[in-house]
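Welcome! Please keep the sequence and the 3D view open as you read.

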Amino acid sequence: QGQQANQVTILVNKPMGIVSGQAEDGHVPAITLVQPQNRWAQDNARFFFHPRQLQSLVPAGRLDIDSIGLLVLTQDGRIASQLIGEDSAIEKEYLVRVATLGRTASSAGGDALATIGEDDPVTQNVQAAFPREKLALLRHGLSLDGQALKPAQVSWQNPEQLRVVLTEGKKRQIRRMCELVGLKVVGLKRVRIGRVMLGHLPLGQWRYLAPHERF
């Protein structure tokens, strides 16, 4: 128990162009952000940074290189299994800025998007141009990699942005779901994992998960 008490969990607001896990193709991994100078000044968790906290610090779930927002790095295997274990049902919430695909670019949009124009994607007031039945499909009814997806919560946050809540995490899931219904993701930000919010944590900075916080 004493050993587990010394294990840290760190929340990072991951910028674009940084990978979640191991360095790949010359891209910098998120763990390199975990340095004293990048710690959020408003982090009031009573932890002192020590380089040994970087040992065995691994991402509990991925966030695509071209996505931003909340990424969890942890030394605690219990938290890792809670977030990414086979039986995990932890919610992950995303804000997703979208545009419509042009009709010729859409494999699934088909007739539903025919009124939008051959090659003219809609980037303003996408909500008005997007059929309600397609929104229903995003919530439930799509399959990826030959497997039916679990139900998702999907609603319009504003006319150009969807709020999506998932309980699973297939590779590039939201981007691929959107493509199936004729949408292109132009910005994706994870804002919540379970009960832990990204909040006001600045982009590129990190803080400790406080002892009282629970996913």
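This is a predicted model: local features need pLDDT of at least 70, side-chain atom pairs count only at pLDDT 80 or more; totals for chains, interfaces and linings use all residues.

What follows looks at model confidence, then a central topic strand, one of its leucines, and the nonpolar cores.

The protein chain has an average pLDDT of 89, and 90% of the residues score at least 70. Residues 104-118 fall below 50 in pLDDT, although this stretch has 27 contacts in the model beyond near neighbours in sequence.

Start with β6, which spans residues 92-100. Eight of its nine residues are buried, so the rest of the structure largely encloses β6.

Two strands pair with β6. Strand β10 (residues 161-166) runs antiparallel to β6 over six bridges, and here valine 96 has leucine 162 as its bridge partner. Strand β11 (residues 183-193) is also antiparallel to β6, joined by nine bridges; in β11, arginine 192 stands opposite glutamate 93.

## A look at leucine 95

Beyond four places in sequence, its contacts include Gln157, Leu162, Gly187 and Val191. Glycine 69 is 26 residues away along the chain, with 9.6 Å between its C-alpha atom and that of leucine 95.

## The nonpolar cores

The largest nonpolar core has 38 residues, and Val96, Val98, Leu138, Leu162, Ile174 and Leu183 touch the most other members. Outside its sequence neighbours within four places, isoleucine 174 contacts Tyr94, Val96, Val164, Leu166, Val185 and Leu188. A second, separate core holds 14 residues, among them Leu11, Leu83, Leu198 and Leu209.

Terms used: Residues are numbered from 1 along each chain as its sequence is written. Side-chain values use heavy atoms; hydrogens and water are left out. Helices (H or I, at least four residues) and strands (E, at least two) are DSSP runs, numbered from the N terminus. Contact means heavy atoms within 4.5 Å. pLDDT is the predictor's confidence in each residue, from 0 to 100. A nonpolar core is a set of buried Ala, Val, Leu, Ile, Met, Phe, Trp, Tyr and Cys residues joined through side-chain atoms within 4.5 Å. Buried means under 20% relative accessible area, exposed over 50%, partly exposed in between (1.4 Å probe, protein chains only). Two strands pair if DSSP finds at least two bridges between them.
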